[in-house]
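Please consult the sequence and the structure shown here.

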Amino acid sequence: MTVRQPHPIEVRSYEILRSRVDLSPMPPLWRAVAERVIHATADLEYAVDLVTTEDFLTRGWEALREGAPIVTDEGMVAAGISARETICHAADPAAARMARAAGITRPAAAVRLAYSEVGPGAVWVVGSAPEAISEIIARRVAPALVIGMPVGFVGACEAKEALRGSGLPQLSNVSEKGGSAVAAAAVNALLYHEAGLP
């Protein structure tokens with residue numbers, strides 16, 4: 001895990017956030033994730049929009065502590081995860097070739113490539129492509145955690161609902177909201193949690 005010193009502006013932002021919404025009744029990891037997502041978006045509605053369990057988050061947190069790979073669906077999610085290297089095949093020419101050959105979407109092909117590289121036990125992070133969530137479910141990747149937060153009006157809510165119904169350990173949200181910054185913030189919350197920092 002990463003030990004970091006938050007910038008004074010970040011510290012002040014958390015003070016303001018906590019003055020506007022009281023998340024103290026939440027279990028520790030869920031609260032850490034909710035606060036970091038709200039901090040990243042300035043959207044207090046995430047306090048009631050996120051769906052997970054503390055057990056799911058604990059599985060992901062423990063896997064990250066043990067060095068589990070982090071797989072992202074796009075470069076923007078990878079860029080937002082500041083404490084660890086990630087695996088992302090979204091721009092890999094092999095993903096484009098596989099997508100054409102198999103008649104699947106590029107995000108689905110990127111999941112297949114990543115799974116062949118990392119195997120079970122990874123933390124999967126989706127901020128953009130609902131198709132990536134569908135492929136994670138279909139491939140039975142045996143994840144430590146799936147953070148499924150794609151944004152949009154077409155397919156995003158349905159993919160997140162399917163993820164919740166899959167039985168996989170997951171963090172998602174109910175609304176159309178989400179995106180790269182939200183997905184990355186959730187991972188960063190887990191990565192930073194050990195230090196007890198905001």
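Does R12 count as buried, partly exposed or exposed? R12 counts as partly exposed, because its relative accessibility is 47%; buried means under 20% relative accessible area, exposed over 50%, and partly exposed in between, with a 1.4 Å probe and protein chains only. The model is predicted: local features need pLDDT of at least 70, side-chain atom pairs count only at pLDDT 80 or more, and totals for chains, interfaces and linings use all residues. Residues are numbered from 1 along each chain as its sequence is written, and side-chain values use heavy atoms, with hydrogens and water left out.

- A search of the whole structure finds 1 cavity of 30 Å³ or more. A cavity is a set of points on a 1 Å grid over the protein atoms alone where a 1.4 Å probe fits but cannot get out.
- The volume of the largest cavity is about 70 Å³. Grid points are joined across faces, edges and corners, and a volume is the space filled by probe spheres set on the points.
- The lining of the largest cavity comprises 13 residues, with V71, T72, D73, V111 and W124 nearest its centre; lining residues have an atom within 4 Å of a point.
- Two or more residues of this lining come from each of β2 (70-72), α7 (106-118), β3 (123-126) and α8 (130-139). Helices (H or I, at least four residues) and strands (E, at least two) are DSSP runs, numbered from the N terminus.
- Helix α7 gives the most to the lining, with 4 residues.
- By class, 10 nonpolar, 2 polar and 1 charged residues make up the lining of the largest cavity. Ala, Val, Leu, Ile, Met, Phe, Trp, Tyr, Cys and Pro count as nonpolar, Asp, Glu, Lys and Arg as charged, and the others, Gly among them, as polar.

**Salt bridges**

- The structure holds 9 salt bridges, each defined by a side-chain nitrogen of Lys or Arg within 4 Å of a carboxyl oxygen of Asp or Glu.
- One of these joins E15 and R12, whose closest N and O atoms are 3.2 Å apart. The two residues are separated by about one helical turn, because they stand 3 residues apart in helix α1 (residues 8-20). E15 counts as partly exposed, at 43% relative accessibility.
- Another salt bridge joins D43 and K177, with the closest N and O atoms 2.8 Å apart. D43 belongs to the loop between α2 (28-41) and α3 (46-49) and K177 to the loop between β5 (170-173) and α10 (180-192), so the pair ties together parts that are 134 residues apart in sequence. D43 is buried, at a relative accessible area of 18%.
- K177 also meets E45 in a salt bridge, at 3.1 Å from N to O. This pair likewise links distant parts of the chain, with K177 in the loop between β5 and α10 and E45 in the loop between α2 and α3, 132 residues apart. E45 counts as exposed, at 52% relative accessibility.
- A network of salt bridges links R18, R31 and E35.

**Aromatic rings**

- K177 lies over the face of Y46, at 4.7 Å from the ring centre. A charge sits over a ring if NZ of Lys or CZ of Arg is within 6 Å of the ring centre and within 35 degrees of the ring normal.

**Positive phi angles**

- A42 is not a glycine, yet has a positive phi of about 55 degrees. A42 lies in the loop between α2 and α3 and counts as exposed, at 69% relative accessibility.
- R140, also not a glycine, has a positive phi of about 50 degrees. R140 lies in the loop between α8 and β4 (145-148) and is exposed, with a relative accessible area of 70%.

**Further residues and distances**

- E176 lies in the loop between β5 and α10 and counts as partly exposed, at 36% relative accessibility. From C-alpha to C-alpha, E176 and G155 are 9.0 Å apart in space, and they are 21 residues apart in sequence.
- E135 lies in helix α8 and counts as buried, at 8% relative accessibility. E135 and I87 are 48 residues apart in sequence, and their C-alpha atoms are 16 Å apart in space.

Methods:
On a 1 Å grid over the protein atoms alone, a cavity is a set of points where a 1.4 Å probe fits but cannot get out, and a pocket is an open set with protein on both sides within 12 Å along at least five of seven lines; lining residues have an atom within 4 Å of a point.
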